[in-house]
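Reader: Please show me the sequence and the structure. I will then ask about the parts one by one.

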Amino acid sequence: MTSATFESAVQATLQREVQVRLRRYLKLAIYGAIAVAALWYAAVQIKLSFGALISGVPFMWDFITRLFPPDFSYLSVLGNATIETIQIAIWGTLLAILLSIPLSFLGARNTTPHIIVFHLTRLLLNSLRAINELVFALIFVSAVGLGPFAGVLAVALHATGMLAKFCAEEIEGVDKGQVEAQMAAGATRMQVILFGVTPQIIPQFIGYAIYRLDVSIRSATVLGFVGAGGLGFSLIQTMKLFKYHQTATCIFVIFLLVLVSDWICGKLRRKVI
Amino acid sequence: MDQPMLMPNTTKTKTILSVQDLTKSYGGAIHALRGINVDVHEGEFLVILGPSGAGKSTLLRCLNRLVEPTSGKILHNGEEITGKRVNLRALRQEFGMVFQQFNLVKRLSVLTNVLTGRLGYRSTWRSLFYNFSKEDKKIAIESLARVNMEHKAFQRADTLSGGEQQRVAIARALAQQPTIILADEPVASLDPKIARQVLNYLKQVTHELGITVICNLHQVEYTREFAERIVGMSRGKVVFEGTAEDLTDEILHRIYYKDPDEEEKNGK
């Protein structure tokens, strides 16, 4: 390149850089304006108001002071409920893991036996995720009766929807080269899944399953609201009876439980990944 | 009366880097470098030739302190750049680097990738919003134009072919306005035609700008074609220093097949 053409090429590119940047700013301004307008409208609709928050502070303070001091003698009553909460979470997550293994392979484009199976699986997973655990719990309470088993099923189904979708997406993102090598060796579909796909997704799957256990413990603490076992039953009951000192104990136990589960799950996850 | 003799121009042979007794071991057991002594002359295109695992990459990375050497010294223009008191950021401004796998950030545009070569000169808070000064942009675009890639400046880096990506990577190193470019197997994943093209760009542009190049290669052919001087490495030791003419079959055998420890025992 001669120095004259070099200079003109540099100048032309510098000018284009300005154009490209202006176009990007314009785009940003348009989308930004739309987003701000939509958020503003939503804020008005849902009556977002700092004023109400500020004026609500004395009432919140009133409620909090009623909680104190917590009635620690109530702890002896909560022991069983706490263990039940953990049991619901563990069984719910375990069932979800078992269910999501086949579902995630059926719901991944590259391992599904047929595109129709893929779409049906994704539809199923979407509906599982769409329905909140509390709604599931209500359904199962009427089906299998009041108690922790309804809670286990509720946790299991919702967690399956989450876990299988996550895992299916991991499967779709595996390195194709490793899969191709085994197809080239004449491996069957199932063999490719076993030897090419599974080793690539196992760390992420285990990591996410542990995370799900953590989430399940949190949701199991409120399933009792609708009679599906665990700490939530005591929480709602003491509130309804205005025994706020006992409510405080429930909240304290739930807080401890979540803290401990977060700590244990975090340790497990670091160990596996 | 005799005219005083003009002194010959000595800038050609000025030593820009001096590596002295450099060693690097990992965990005490694996010795990647075992007492390297090399001088690099200002402005030269030095090729470090050797098989995989000879320690070429480790040596290169010791020079800009991406790897901490275990013992030994490196002098840059006579100043020691090993040890804890060295300002790494200032040091690394001087060394541009080109990698085997190009190491462009795939989701960023070609121009932004080249602009990352300017990061060593900018404070963190000034680059927070991806904004660069006009001056930096001019330097980056000029660097791109030197490797004839300015026409792709606004594409995403992963839309380019391998050869084009490596040219952009060279531009990124140039944007640093370095005095030395370290090239670690820059053409190992390119086909022969593209490889020659990339090496041509590297050699020509650095020659124009007076930048010293230290280039790791494992291919003898390219070394003969492009090296102004050659350092042969085998199992963490320097086993040869010379030019392409000195690179005989016997020497190649020494670099690629012989165990330098065996030789030492037999020779002494």
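Reader: In which order do the four strands of the open sheet of chain B stand?
Author: This is a predicted model, in which local features need pLDDT of at least 70, side-chain atom pairs count only at pLDDT 80 or more, and totals for chains, interfaces and linings use all residues. Residues are numbered from 1 along each chain as its sequence is written, while chains are lettered from A and ligands numbered from 1 in the order in which they are written. Strands are DSSP runs (E, at least two residues), numbered from the N terminus, and two strands pair if DSSP finds at least two bridges between them. The pairing in this sheet is antiparallel, and the order is β2-β1-β4-β5 (chain B).

Reader: Which strands stand at the edges of that sheet?
Author: An edge strand here has a single partner strand, so one side of it is left without a neighbour in the sheet. The two strands in this position in chain B are β2 (30–41) and β5 (79–80).

Reader: Which residue is the bridge partner of Thr15(B) in β2(B)?
Author: Strand β1 (residues 15–26) of chain B runs antiparallel to β2(B), and nine bridges join them. In β2(B), the partner of Thr15(B) is His41(B).

Reader: How many of the five residues of strand β7 of chain B are buried?
Author: A residue is buried if 20 or more other C-beta atoms lie within 10 Å of its own, exposed if 12 or fewer, and partly exposed in between, with C-beta atoms placed from the backbone. Ile180(B), Leu182(B) and Asp184(B) point one way from β7(B), Ile181(B) and Ala183(B) point the other way, and all are buried. Strand β7 (residues 180–184) of chain B is therefore largely enclosed by the rest of the structure, and the count is five of the five.

Reader: Which residue in β8(B) does Leu182(B) stand opposite?
Author: On one pairing, strand β6 (residues 95–98) of chain B and β7(B) are parallel over four bridges, with Gly96(B) partnered by Ile181(B). β7(B) also runs parallel to strand β8 (residues 212–217) of chain B, joined by five bridges. There, opposite Leu182(B), stands Ile214(B).

Reader: How many residues of chain B are in contact with chain A?
Author: Two residues are in contact if their C-beta atoms, placed from the backbone, lie within 7 Å. Chain A contributes nine residues to the contact, and chain B contributes 10.
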